[in-house]
Amino acid sequence: MGYITLKKDADGIVELIFDQPGEKVNKIGDAFIDAMQKTMAKLEKDKSSITGIYVRSGKPTFFG
């Protein structure tokens, strides 16, 4: 699993999960920027079938 995982349900709601591998907390840095650029491109490509997006962390805290 990469830094960002996308899961879309049958209603078109996308769950965007931040979970930086190998780290106790998610960190904003080069890995985050790269993952976010790729994620935004995927969301843009699929925008006609997306009805909503919510963001959460796969860790106990969001960012450290």
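## A β-β-α-β fold at a glance

In β3, the bridge partner of Leu 16 is Val 55, and that pairing is a handy way into this predicted model. The protein contains one helix and three strands, with the elements running β-β-α-β from the N terminus on. Helices here are DSSP runs of H or I with at least four residues, strands are runs of E with at least two, and both are numbered from the N terminus.

Residues are numbered from 1 along each chain as its sequence is written, and side-chain values use heavy atoms, leaving out hydrogens and water. Because this is a predicted model, local features need pLDDT of at least 70 and side-chain atom pairs count only at pLDDT 80 or more, while totals for chains, interfaces and linings use all residues.

**The sheet**

- Three strands form an open, mixed sheet in the order β1-β2-β3, where two strands pair if DSSP finds at least two bridges between them.
- The edge strands are β1 and β3 (52-57), each of which pairs on one side only.
- Neighbouring strands of this sheet are turned by 20 degrees against each other on average, direction ignored; axes are lines fitted to C-alpha atoms, for helices over the stretch in contact, and angles run from 0 to 180 degrees between N-to-C directions.
- Strands of a sheet can pair in parallel or antiparallel fashion, in either case through backbone hydrogen bonds.
- Strand β1 (residues 4-8) and strand β2 (residues 13-18) run antiparallel and are joined by five bridges.
- Facing pairs between these two strands include Ile 4 with Phe 18, Leu 6 with Leu 16 and Lys 8 with Val 14.
- The hairpin of β1 and β2 has four residues between the strands, and Gly 12 takes a positive phi near 85 degrees there.
- β2 and β3, in turn, pair in the parallel sense over six bridges.

**Helix and cover**

- Helix α1 (residues 30-45) lies across β1, β2 and β3, and runs at about 20 degrees to β1.
- Five of the six residues of β2 are buried, so this strand is mostly covered; buried means under 20% relative accessible area, exposed over 50%, and partly exposed in between, with a 1.4 Å probe and protein chains only.

**A closer look at Gln 20**

- Gln 20 sits in the loop between β2 and α1.
- Gln 20 counts as buried because its relative accessibility is 12%.
- Leaving aside residues up to four places away in sequence, Gln 20 touches Tyr 3, Val 25, Asn 26, Lys 27, Ala 31 and Lys 59; contact means heavy atoms within 4.5 Å.
- From Gln 20 to Lys 45 is 25 residues in sequence and 24 Å in space, C-alpha to C-alpha.

**Whole-chain numbers**

- The C-alpha trace spans about 35 × 20 × 15 Å along its principal axes.
- Of the 64 residues, 31% count as buried.
- The accessible surface comes to about 4400 Å², with 56% belonging to carbon and sulfur atoms; areas come from the Shrake-Rupley method with a 1.4 Å probe, and for residues only the protein chains shown count as cover.
- Among contacts between residues at least 6 apart in sequence, 63% join residues at least 24 apart.
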